[in-house]
Amino acid sequence: MTTTDLPTLYARKILQGFHRHYSVFQEVTAAARQRFADGDWHAGQYAATARISFYDIRVRETTKALAELTQLQLDEQVWLATRQLYQDYLQFHPQAELAETFYNSVFCNLFHHRYFNNAYIFVETTLSDAIPLAVETEYRSYFPVVTGMHRTLAQIMQEVDLGAPFADLSEDIRLLRKAFREQAASQQVNAYQLRIDVLKAPFFRNKAAYVVGRIVSSQRSYPFIVPVLRDEHGHLYLDALITDVDQMAIIFGFARSYFMVQTKAPSALVRFLKDLMPKKTLAELYSAIGLHKQSKTEFYRDFLHHLAASDDQLVAAAGIKGMVMTVFTLPSYPYVFKVIKDTFGGGKSIDRQTVIDRYRMVKRHDRAGRMADTYEFANVAIPLARIAPDLLQELQSTVAGSLSMDGEQLIISQLFVERRMTPLNIFLDYASNAEIEAAMKDYGQAIKDMLAANIFPGDMLLKNFGLTRHKRVVFYDYDEVQYLTEMNFRQLPKPQTYEQQLAAEPWYSVAPNDVFPEQLTTFAVPQPHLRSMLMKHHPELVDASYWQQQQQDIRTGVISDVFPYPEAVRFVRCVRTATEQDKR
């Protein structure tokens, strides 16, 4: 084969690998409708976990095929031509931005990071000047002036097609209209004065489906989300109407699992969502719909643009320094960067690979709205001029094994990135009494939500939790995370002798996974006034039987409801259609 034929071969191999990936991804996503209709929540959990691995599997397959062809030798002219031809292939591709990212992943697996520039890969997208895909391909428009509001809403729910019948759709629509009148009281809009745009595909996550759209009038646009739940008889009901943009942002938040939603044109879907939630970044929205690799790409591009447009330096992150990670941030950018230390302090018995595995475990798991999502990057180049001298000294003394130099660039071999939050311990130092109580109440609820998702956070010190801009408490330190069902929760043995009472060390045996809930609040919340607030709202957290019951529920297949919206916005019915025994 001549060198003129190789670019075509390489470009087609990579595009075929991408098509294989997206086909499998969409196949599993499409099955979410039937899993929801059947109430097969365990299958949904399995599919959500498995789907996260699909991308890396396809990249490895494609990389292996190309490695056999190229013998890992980079012919510069061939690969410059390959990139150009691949770019031509994507001109009218409906998932062009995802295909660019797939190309980058394959190339970066094959060759040295010195080639990771825009000549060889798509550091900058080539699609910014392309004709954008029509957003209208992703939604349907409805006009109540034609058929009336009640019939229009019934038609919307029928055409969304959630795969199961409604228990009482007429009553649901009455509640929906009532909620809209209350939430839009300042703007009385008649049915003939508006249009309703609804995304064709519903969003599935955990035990709910979500209908997403907007109501458009001549004065303004009202974004909305309608959660749909399934009762014990297999019938559906509308549970709430959410029109508050901040509350919608929490539903699509970075501490939640990825939605399952079908789309042929992801960029169009994301643009529609961006219009509803303008404060959300493209990276956050791609992540929310399960396209986490594209989210990484969008994040990295945004970070590079921010570096080019700013001049502040990376500095050590605020808060108590951790024993496992060195953490730093760019003050003008809302993220923190974490590098695993060469050696761990505090008698940590885990190793580097365990830390990596636990961060990846959280990414694959249901984060229940209480654990921050994390990007993991390899061979990240940062200009030395943008690193504060004291931070560079700290990096060289704590994570030297992860560093190398390439001219004026510092290369970090493995980097974790999380959304920056206010550490809970710092917030509590300056908050008002009311804010402190609200935060401690939510701290306890965050622990309970993680337990319901089969997560034992391990180190529950306040410094390992942060507050989002919505004042939600979120956990972000994962080196001690384990599955709840792997732990052994025990009542603290009572001393039987005077010597036992005075013993400085435990006089009873303690196995590696033994946990004594009676001691948790003492160690995690040593401040008496904070501990009393926690106990006021969550006294069961010091009772071993409570933790044991959570384990038993998980082992017997109970999947608790953790609603991503307030109880106050849920519809009030004369007879509740959903079972209540496992709701909190």
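Strands here are DSSP runs of E with at least two residues, helices are runs of H or I with at least four residues, and both are numbered from the N terminus. This is a predicted model, so local features need pLDDT of at least 70 and side-chain atom pairs count only at pLDDT 80 or more, while totals for chains, interfaces and linings use all residues. Residues are numbered from 1 along each chain as its sequence is written, and side-chain values use heavy atoms, with hydrogens and water left out.

Let's start with strand 12, residues 409-419. Which strands does strand 12 pair with? Strand 9 (residues 335-340) pairs with it in the antiparallel sense over four bridges, and there Tyr 335 sits opposite Arg 419. Strand 10 (residues 374-383) is also antiparallel to strand 12, over nine bridges, with Ala 378 facing Gln 414. Then strand 11 (residues 403-406) runs antiparallel to strand 12 and is joined to it by four bridges; Asp 406 is opposite Gln 409. Strands 11 and 12 make a hairpin with two residues between them, and Gly 407 there takes a positive phi near 65°.

How covered is strand 12? Mostly: eight of its eleven residues are buried, buried being under 20% relative accessible area with a 1.4 Å probe, protein chains only.

Now the rings. Phe, Tyr and Trp rings (six-membered ring for Trp) pair if their centres lie within 6.5 Å; planes under 30 degrees apart are stacked, over 60 edge-to-face, and the rest tilted. The structure holds 43 aromatic pairs. Take Tyr 86 and Tyr 103: ring centres 4.7 Å apart, planes at 45°, so that's a tilted pair. Tyr 86 is in helix 4 (residues 76-89) and Tyr 103 in helix 5 (residues 96-110), so the pair ties together parts 17 residues apart in sequence. Tyr 86 is buried at 0% relative accessible area, and Tyr 103 is buried at 0% too.

Next, Tyr 139 and Phe 272: centres 5.2 Å apart and planes at 40°, so tilted again. Tyr 139 lies in strand 1 (residues 139-142) and Phe 272 in helix 10 (residues 266-276), so this pair bridges parts 133 residues apart in sequence.

Last stop: the charged end of Arg 214 sits over the Tyr 139 ring, 5.1 Å from its centre. "Over" means NZ of Lys or CZ of Arg within 6 Å of the ring centre and within 35 degrees of the ring normal.

Terms used
Buried means under 20% relative accessible area, exposed over 50%, partly exposed in between (1.4 Å probe, protein chains only). Two strands pair if DSSP finds at least two bridges between them.
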